[in-house]
Amino acid sequence: MINLFYNELIKALYKRRTYISFILITLLIPVVVYAIDYGAVSLETKIYGQMQDSFIFIGSIINGYLSAYLIIAILITHMPFLSTIIPSEIISGEYSKGTFRIYLTRAILRRNVFISKVLVVFLYTTLMMFYFFSFSLFVSYLILGDGELIVFHRGILLLSEDDIIWRFFLGFVFSNLVMITVSSLCLFFSSFSKNSVTPIISTISIVFIGSAISFIPIDIFEMIDPYLFTGYIDIFLLAFHYPIPTNIFFNCFLVCFIWSSLFILAAYYNFTNRDILE
Amino acid sequence: MILEFKNIVKNYNQVEALKDISFSIPENSIFGILGANGSGKSTFMKILPGLIYDWSGKIFYKEKLIQKNDMILKQEFGYLIEAPTFYEYLSAKKNLEILARISNVNSSRIDEVLELVELSHRSKDKVSAYSYGMKQRLGIAQALLHNPKILILDEPNNGLDPNGINDMIRLIKNLKMQGKTICLSTHNLKDVEELCTDFTVFKDGYCSNSVSLNSQLNKSKKWIITVKNPELVIDKINQSDEFSYISSFNNNIIIETNSKNTIKSLNVVLENEEIYKISKDSNLIEYF
C-alpha cells in the first residue's frame, strides 16, 4: 500500500500540471497584497464609508491580517477550479493513455490502487489549501505587518491579534473539507471519463449550479441549500464571526463527509468493476 | 499443458466478443493466437490479468483451476497488452522503478531487463523520446521485470519496422531458450510460421484446436484451410504446382501438398487472400 501511494506521488510530482495551482497562488497573492498596500487609503475610505460620521478612526485598519482575510474571502470561491487539477486526471488520464494496461497487470488489487489515488488527491487538495492560506498570511504579514482585524458581522467586529490566527486555522480546516468534497466529486467523474477535461467541466458546472442555488433567495433553494456542500464554499468567513456558529460548522462537516463518501464509493465501485479496454 | 482455457465467453452489452474459446498451451512453447483484427484476440488477452472484469469460463494453470482474477495470473505471468503504454513524462528507468516497487523486485533487476532488451544506453531518456520499436522493447522489459514463467504478448511485432521485427523475433526465441512459455497474438501468418511452435486461430469469437507446428504439421500431407473467398482460393490452388485441391465444405478447403514449408508456400500462393484458419488432416473429422 505504501509503495502504491509512493508511486502515485511520483506520478503526480513529475507532472507539470500539479504545480499550476501553486504557481498561480505564488504569482497572484503578492500582486494583490501590493495592490492593497498601494490602494490602502482608498480601501480604508470604502471600508469606513458612512461610519466616519459616527466614529473617529486613529491609525490604519489596513494590515496583514485584513489583507489575508480579504484575499482568502475573495479567492476561495475560485479554489474549486484549482482543486480539480489532479483528481480530474488521476484515473481518466491513465484510462486515456492506456497506462492501466501495464500498471494493473501487476500483482496488486484495484482496491489498493484506488485508495492510493484517493489519498494523493486528498493530500494534494490539503497541501494546496494550506499553501493558499499560509502564503496569503505570510506575504500579507511580510508586506503590511500585523495589527487588529476589523470584520463586518452584526456591525463592526474588532478582533485582537491573539484572536486571529486560530480563526484562520479554523477557516482553513473547514474550507479544506469543502475542497476535498469538490475533489471527490471530480474523482468520481474521473472514474467514468476517458479524458481529463470532462471531469473538470462537470465538477465546475455542479459547483456553479450549487453556488447559484445558495445565492438565489428563493424559499425552495434556501430549504435545500444546507444539504449542499456548495453552500459551504465560503465557510471561511464564518470563522471570523462572534460567537462562532458551531452548528453551521457541524452541518458543514456532516454534509461534506456524506457527499465525499458517496462520491468516493461510487468512484470505487466504477473503478473496480470497469473493464480496461483503452 | 501449462495453461488451459475452457469455454471462455465475454459479451460487451449485446456483442459477443468471445463466444466459446477453449484451447491449451504447452509448457515452454511459443504459442500463437492467429486472427484478423476484431477476432477477439486482444479481448481474450485482457481477461488473464483482470483488465476485463466480467467474463465466464475456466482457466487451468498447471492443471489447477484458477479463480477469476487470481493473483497467480499476475505473479507468474508477464503481460504486454496492445500497444506499449508508459508514463511518457518519466524516463524508462523511472517507469520500471514504479512497476518494480509494486512487484517486489529489487533495482538490480531493472538494469538486467534493460540490458536484455538493449535499452540500457537510453534508460535515462524520457519515454516520450522513444521510437515505437523502443517502446515495444521496453514493453517486453516491463513484462519480464518480475521474472514471470509465462509471457502474454499482444501483437508484439505490430508497428515495428523489419529490423525491429527481427530484434523482437530474436528476443522472443531467446526467452523461450531461457525456459519461458510465450503466448503471442498476431494477425500475420508469417509471425506464426517464423516464431511459433504451436498456434490456434481466432475467428468471430471462436477458436480452432491448438496445432503444433513442430510435430503434427510437418508430418502430414493433407491440410484444411478456411478462407473468406473459397472459389477464388480453389482457382489459385488449382493453378499451383505445390498444392492439389481435394474437396471443400462451406469456406473450408482440403488440399494436399508435399511442400516442406506449407504455411510459407500457402502464404505465397494465396497472397492477398484472407485466411482464417489452417489445420491438418488429423483434425479433419473434428473440424467438420
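Me: What are the domain bounds in chain B?

Reply: In this predicted model, the assignment for chain B gives domain 1 as residues 3-209 and domain 2 as residues 220-287. These bounds come from an automatic or database domain assignment. The centres of domain 1 and domain 2 of chain B, taken over C-alpha atoms, are separated by 30 Å.

Me: Which residues of α2(A) and α4(A) meet?

Reply: From α2(A) come I29(A), V32(A), V33(A) and I36(A), and from α4(A) come S67(A), L70(A) and I71(A). By class, this contact of α2(A) with α4(A) has 6 nonpolar residues, 1 polar and no charged.

Me: How do α4(A) and α9(A) cross, and at what angle?

Reply: Helix α4 (residues 64-75) of chain A and helix α9 (residues 110-144) of chain A have axes that come within 8 Å and cross at roughly 145°. The crossing of α4(A) and α9(A) is right-handed. On the α4(A) side, the residues that meet α9(A) are G64(A), S67(A), A68(A), I71(A) and I72(A). Their partners in α9(A) are F133(A), S136(A), L137(A), S140(A), Y141(A) and L144(A). The contact of α4(A) with α9(A) divides into 7 nonpolar, 4 polar and no charged residues.

Me: What makes S260(A) count as buried?

Reply: Within 10 Å of S260(A) there are 23 other C-beta atoms. The cut-off for buried is 20 or more, so S260(A) is buried. S260(A) lies in helix α13 (residues 246-273) of chain A.

Me: Which residues does S260(A) touch, leaving out those up to four places away in sequence?

Reply: S260(A) touches I180(A), T181(A) and S184(A). As for F229(A), S260(A) is 31 residues from F229(A) in sequence and 9.3 Å from F229(A) in space, C-alpha to C-alpha.

Me: How many residues does each chain bring to the contact between chain A and chain B?

Reply: Chain B brings 24 residues and chain A brings 21 residues. On the side of chain B that touches chain A, α2 (72-75) and α3 (92-101) of chain B each supply at least two residues. The most comes from α3(B), with 3 residues. By class, that side of chain B has 15 nonpolar, 4 polar and 5 charged residues.

Conventions
Residues numbered from 1 in each chain as written. Chains lettered and ligands numbered in written order. Predicted model: local features only at pLDDT ≥ 70, side-chain atom pairs only at ≥ 80, totals over all residues. Contact = placed C-beta atoms within 7 Å. Helix = DSSP H or I, 4+ residues; strand = E, 2+ residues; numbered from the N terminus. Nonpolar A, V, L, I, M, F, W, Y, C, P; charged D, E, K, R; others polar. Axes fitted to C-alpha atoms, helices over the stretch in contact; angles between N-to-C directions. Left-handed = near helix turned anticlockwise from the far one by under 90°. Buried ≥ 20, exposed ≤ 12 C-beta atoms within 10 Å, placed from the backbone.
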